[in-house]
Amino acid sequence: MIKAISILFSVFLIISCQKSDTSASTATSLAQLKALPSSFSAHWITPSIVLVPEITTELTYQLAVIEKSTVKFVTLSAINVPEWVNSKYPHLSAFSALKLTDSHSIKKSEIKQWLKSELAIITFDKNATPIHLSYVQTGSLLDDLYTSGANDANEVNDYGATLSSGKTTFKLWAPTAKKVSVKLFNENKSEYATPELALSENTESGVWSAQIEESLNYKFYQYNIEVYHPQTKKIENITITDPYSLSLSTNSRYSQVIDLTDPNTQPNGWNNQHDVIIGAPENNIFYETHIRDFSASDTTITNTMHKGKYKAFTLNNTAGIQHLKNLNKAGINNIHLLPTFDIGTVNENSAQVINLEDPISNVCKKMSLPALCEKSTNHNESIATFLGTLSPTSDKAQEIVSALRELDNYNWGYDPFHYTVPEGSYAVSPDGVSRIIEFREMIQSIHNMGFRVVMDVVYNHTHKAGLNTTSVLDKIVPNYYQRLNPLTGAIEQSTCCDNTATERVMMGKLMIDSLIVWAKDYKIDGFRFDLMAHQPKSLMLEARTAVRKVDEDTYFYGEGWNFGEVANNKQFIQASQLELGGTEIGTFTDRLRDAVRGGAFNAVGKGHRQSQGIGNGLGTVPNELQSNDLSKYNVMMDQLRIGLAGNLAKFPLINHQGNHVLGEDIPYGDQPTGYALDPADTINYVSKHDNQALWDNNQYRIAFNVNTEDRVRMQLQSLAFPIFAQGIPFIHMGSELLRSKSYLRDSYDYSDWFNRVDFSKTTNFYNVGLPPKDKDEANWSMIKDVIKQNEGRDHVSADHIEFSSNVFMELIAIRMSTPLFRLTNQKQILDRLTFHNTGAEQALGLIVMSISDQNKKEILDEKINNVVVIFNMNNEEKLVPFDGAHSYSLHPIQEYSVDSTVKRSKVNDSGFVVPALTTAVFIN
């Protein structure tokens, strides 16, 4: 049979790829090919070029087009890799190139048909015996064939279901599909009068479409696709929702036809809601909020159906709403919502999920859980009530919470199912248009309170891929939308899940189209991009330009972490920290964060206490594991100063060795500390949803003998660093309330129990049980020891929480009282901001920062000439020598502060006097 295959190759060569009977028609020959050693490392990048890891001169190569039980072959010959290939695909620069020998005679239309089949590169030895099979990655070729010309797939602007002039049109990009139809359903999900429509393919664009001569507004639909899928290596018939869905049924089984401009999809007053104007991006302050965390534990909400829902933001005078109003009055102007798009991890049918307020009997009917069902003596009490009876230093609460994960109603939401539909589990009524109205009610209410709304978006991965239930994109165009390992063909998982290939034209288009809908139709004011550096810088800039056309003052920011298969620009120029300088696309800076917190976010056991930071006592109030060596402290102080200066690469500083350096010269591991070229490049923070809450992080590291009041002051001083830094502050909800997650490092899926916030300011939920075993078992011994040796000094009262909240509001108000804390370009910072007490002889535990508006061509603040901010991290009062200090006075907000300690700050002829663990602001 091998000989027969070789004869077929010879025949094929003679006829130069003409459409003749050149197939191996027996199942045996195909079986032999499939039995060969295999890989998934061939990359078909243009109609004529295929890249493979290596080419050996004595071997020959053929492209096999496998269709059912037949195989067609195309001759390949080795060529030099064109220079443009290495620049466009740097991760494939070590690969070799093969050319379709008779590519000039092969029509693109024929190649497009081959792409609907299974493809492989067969390697033959010198005896024409097949010895290896490599399946083919075709994403680049699909881009070349369908998006490189005019009027191609990426020029289509009405994907999904659209309504116009009484007609309904369906469009789906599925160039590798063999057949596509759309199934139609009534609002009750029964079959529509016309139950199914066949879609026809435009072979130029790969777009399948159908039009029906009637309006199907509010009707539901699904696509049925016949497509070859590499997971099973066979043709699959798949029923799937629309990746361009704008509305969904409960649990996203059906897409819904909808017009988002229809008044019936909008709450009353939607078009007249308050439009919050910020001006320069540096005027933003972001307050990171999870929709469920905001209200699930709010006892002032009388209708329990609204807890943890969009509706909670529309209520009046609840503890949470009142706190938001107070934050806005102080100056916070943005609510950052953790993911609110449709996710794949929470059941949207509330009758089927478990809520911690449910009676225990409800759990025991749905699952076997001896730790709860056998240990509780009263099955009528709530789960939360029982958890509250358990020892706070035991592992019993986490055992129950962990067991409930699959059935509870909690997740952060970084699990995209459909990118452009609000999540249904946050809606009281998740089916169809109801969730859209409820989501819009929330947005409208937040706007009318005086906030802008930022949405956390996750275009770097999907919840699932392949043929999994919550996979969408990878069922429609398999192996296109997901980023594949160049050698194995496996979907990359570096983000956590199934990575998307945003470098692909149609994935990038989907992202941009989705962002436009959120900005235009939902009035979202800005976007925070999860793992943004997994996306090309060019795409981020293109996306911002597109969104600015519908919202001119939108702001983009995200995680610029440099890691994974794309690290160091391996596949494209990333949207990373070091690449985005000067774009005014903000990146979270870990430099200031780690200097304050102590870094080592993956530390285990004693590693937490060893990694003390400036904000929890390093150098000034050291814990028992610190040595007298101040080298780490000195570097962190330099990093912190650069952070306060907007993390600018070009900011000059006299470092701890007495050398004149720039921000980019100060090391942060193997990277520069300063990388920003504009203050809007930098998002400053010390706590967010990831990793331990600030309070827990500090308790890990603070010296055991520090009293409760000083622990609170350390928390406030840690928050003061991002608040008074140039750039944009980012605040984790509840950090001003000393919020704790009971030391849990990663609370993404661990219910309300470990994610609660108390806006009534009664408790901070510290020490409510050891954190879940999956995340923190290795830390349990350390946590128990810390709690024991703290002897209660880590427990706060309602008075402590109230004090912290009030002082935090004052810090925010001070920032917003003068534009000097919000300088808008690099030149302003270089001209106006100076650090004192620097160099080799600097006094311990003091950062002294001045910002000048005096004798400048451009006056920014008519009322203030100069600001001096002094961070005293010592546990004792300090005199800070300063020429001309007598002309300054304490900022009036602090002069009348609720903090009696800061009010003791004063000036004299020698300088400033600042109490222990205090951040004081002086002006003249």
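This is a predicted model: local features need pLDDT of at least 70, side-chain atom pairs count only at pLDDT 80 or more; totals for chains, interfaces and linings use all residues.
**Entry 1: the second largest pocket**

I began with the second largest pocket, which is lined by 35 residues, and I noted that Asp143, Thr502, Glu503, Arg504 and Val505 lie nearest its centre. Residues are numbered from 1 along each chain as its sequence is written, and side-chain values use heavy atoms, with hydrogens and water left out.

For my own use I wrote down that a pocket is an open set of points on a 1 Å grid over the protein atoms alone, where a 1.4 Å probe fits, with protein on both sides within 12 Å along at least five of seven lines, and that lining residues have an atom within 4 Å of a point. A volume is the space filled by probe spheres set on the points, which are joined across faces, edges and corners. For the second largest pocket I found a volume of about 800 Å³.

Which helix gives the largest share of this lining? I found that α14 does, with five residues, and that α3 (83-88), α5 (139-147), α14 (505-521) and α15 (537-548) each supply at least two. Helices (H or I, at least four residues) and strands (E, at least two) are DSSP runs, numbered from the N terminus. I sorted the lining of the second largest pocket into 11 nonpolar, 15 polar and nine charged residues, counting Ala, Val, Leu, Ile, Met, Phe, Trp, Tyr, Cys and Pro as nonpolar, Asp, Glu, Lys and Arg as charged, and the others, Gly among them, as polar.

**Entry 2: the largest pocket**

I then turned to the largest pocket, in which about 1200 Å³ of space lies. Of the 48 residues that line it, Thr495, Leu531, Glu559, Trp561 and Phe563 are the closest to its centre. Helix α16 (residues 590-597) gives the most to this lining, with three residues, and by class I noted 12 nonpolar, 20 polar and 16 charged residues in the lining of the largest pocket.

Why is strand β13 (residues 220-229) largely enclosed by the rest of the structure? I noted that nine of its 10 residues are buried (under 20% relative accessible area, with a 1.4 Å probe and protein chains only), so β13 is largely enclosed.

Two strands pair if DSSP finds at least two bridges between them. I saw that β13 runs antiparallel to strand β10 (residues 177-185), with eight bridges joining them, and that Ala177 stands opposite Val227 in β13. Strand β14 (residues 234-240) pairs with β13 in the antiparallel sense over seven bridges, with Lys234 of β14 as the bridge partner of His229. I also noted that β13 and β14 form a hairpin with four residues between them, and that Lys233 in the turn has a positive phi of about 55 degrees. Two bridges join β13 to strand β15 (residues 255-256), again antiparallel, and here Phe220 stands opposite Gln256.

**Entry 3: a three-stranded sheet**

Last, I looked up an open sheet of three strands, with the order β35-β38-β37 and antiparallel pairing. Its edge strands are β35 (878-881) and β37 (906-907), each of which pairs on one side only. Four bridges link β35 with strand β38 (residues 911-914), and Leu879 has Val913 in β38 as its bridge partner.

Methods. Buried means under 20% relative accessible area, exposed over 50%, partly exposed in between (1.4 Å probe, protein chains only).
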